[in-house]
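Let us walk through a protein model step by step. Keep the sequence and the 3D view side by side as you read.

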Amino acid sequence: MPARNILVINCGSSSIKFALVNEAHSQFPLSGIAERLGSPDAVLHWQRGSGERDSLIIPNGDHRTALSQLLPLVQGAAGGKLHGIGHRVVHGGELFTAATRLDPKVLAAINATAPLAPLHNPANLQGIEAAMKLFANLPHVAVFDTAFHQTMPEHAYRYALPDSLYREHGVRRYGFHGTSHRFVSRRAAEMAGLSVGDSSWLSAHLGNGCSTCAIVNGQSRDTSMGLTPLEGLVMGTRSGDVDPNLHSHLHRTLGWSLEEIDRMLNRDSGLKGLSGLSNDMRSLEKAREQGHAGATLAIEVFCYRLAKSLAAMSCALPQLDGLIFTGGIGENSPLVRSKTVAHLRLFGLSLDNEANARCVRGVGGAIQAYGAPRVLVVPTNEERQIALDTLALLDH
Ligand code: ADP
């Protein structure tokens, strides 16, 4: 059978990220983003392989317009042989524990989960519905960010809140970034020559959103994000954990509304809020070198909180076969890796400085000091994992 092609789509409220994945090649034949959808500046950017880049302005174009412009590009890059479409869906609630073929019943169930992810699921659905109309004769599969974490035990996913909030309203910890944690833990097992079904990992996905995960025998046992992707680590613009009384404190003392507090916690906090400068780790590292106090503090808090979360996640592991760094920061910042590992000295963790410096820009590998527990840099590839999940489902 010739290698198959899957189009992977990730729809936000005003953007569509896409990648054409060929099962036999690590490089995407076509990838890109449509952004500012619904505005006069709507634009589609794409790249063929690692080469030619192109753009098309689609004034006031919506998801459907962008996807219809994309259609001939995808068909061309796939040589007319497209086998299915994999859609990233942020929240699958407790209903979805694995990738699922999309049909009207599944669409209704994703819609019913929307109150748990009001910013994400409706946008995901908008894209799915547009794609299902345009690519009507292809199978469509939903791959959920939450599904991997459905193996968490109850003592890890329950909040200490009245039982009825869980039973009647689904208030519990769900976790996100599941596709990435799953992909990198499998790759880590391969790199270490261990079986994924018989190994234990701590994983740190550090992008604009950040989360840690404890993975035992290929299953998530705990993770730092919760009901929403705001819980846990310091992120680009998100605060991560704060005192749960902060909402009422700010309301009482400053008169802030729920919307103002939500906005502050999700968009104006994290690295951006602490540094007063940027949510981008590259900019912060440069500013730190020039003695910027806010950038220095933001990096210190980021690494300390990350180490604290990893130490907490270790409670879910029977043994530690390795610590994995991934995501834009995890794959590219020797500084963050070394500062984080320095806080974990009680675990015996220690890095080889040269190996740590070498693992950037897509280069993965082991970076621990001789004799110390394994620490791996593993470039993530969520698009590929979504495509593989889609293909696995089509094979059944
Ligand atoms: P997303 O979560 O949006 O997919 P990424 O995984 O691309 O984000 O991660 C974005 C983060 O990675 C940004 O904070 C960016 O500064 C950081 N990053 C990318 N390259 C480097 C680098 N060379 N050094 C430090 N941080 C980097």
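Two strands pair if DSSP finds at least two bridges between them. Helices (H or I, at least four residues) and strands (E, at least two) are DSSP runs, numbered from the N terminus. This is a predicted model, in which local features need pLDDT of at least 70 and side-chain atom pairs count only at pLDDT 80 or more, while totals for chains, interfaces and linings use all residues. Residues are numbered from 1 along each chain as its sequence is written, and side-chain values use heavy atoms, with hydrogens and water left out.

Six strands form it, in the order 11-10-9-12-14-13, and the pairing is mixed. Strand 11 (219-223) and strand 13 (365-366) stand at the edges. Each has a single partner strand, so one side of each is left without a neighbour in the sheet. Strands of a sheet pair through backbone hydrogen bonds, either parallel or antiparallel.

Now look inside the sheet. Strand 9 (residues 200-206) and strand 10 (residues 210-216) run antiparallel, joined by seven bridges. His205 stands opposite Ser211 in strand 10.

Two helices pack on this sheet. Helix 6 (residues 178-192) touches strands 9, 10, 11, 12 (322-326), 13 and 14 (375-377). Here, touching is contact, meaning heavy atoms within 4.5 Å. The direction of helix 6 makes about 130° with that of strand 9. Such axes are lines fitted to C-alpha atoms, for helices over the stretch in contact, and angles run from 0 to 180 degrees between N-to-C directions. Helix 13 (residues 334-342) touches strand 9, strand 12 and strand 14. Its direction makes about 150° with that of strand 12.

Asn217 lies in the loop between strand 10 and strand 11. Its phi is positive, about 50°, although Asn217 is not a glycine. Asn217 is partly exposed, with a relative accessible area of 37%. (Buried means under 20% relative accessible area, exposed over 50%, partly exposed in between, with a 1.4 Å probe and protein chains only.) Asn60 also has a positive phi, of about 60°, and is not a glycine. Asn60 sits in the loop between strand 5 (53-57) and helix 1 (63-77).

Move on to strand 6 (residues 84-89). How many of its six residues are buried? Six of the six are. Gly84, Gly86 and Arg88 point one way, and Ile85, His87 and Val89 the other way. Strand 6 runs parallel to strand 1 (residues 5-11), with four bridges between them. There, Leu7 stands opposite Ile85. Strand 6 also pairs with strand 8 (residues 140-144), in the parallel sense, over five bridges. Gly86 has Val141 as its bridge partner in strand 8.

Two buried residues remain. Ser239 is found in the loop between strand 11 and helix 7 (246-254). Ser239 is buried, with a relative accessible area of 12%. Leaving aside neighbours within four places in sequence, its contacts include Leu230, Leu265 and Arg305.

Arg384 belongs to helix 15 (residues 382-394). Arg384 is buried yet has no salt bridge. A salt bridge is a side-chain nitrogen of Lys or Arg within 4 Å of a carboxyl oxygen of Asp or Glu. For charge, Lys and Arg count as positive and Asp and Glu as negative; His and the chain ends are not counted.
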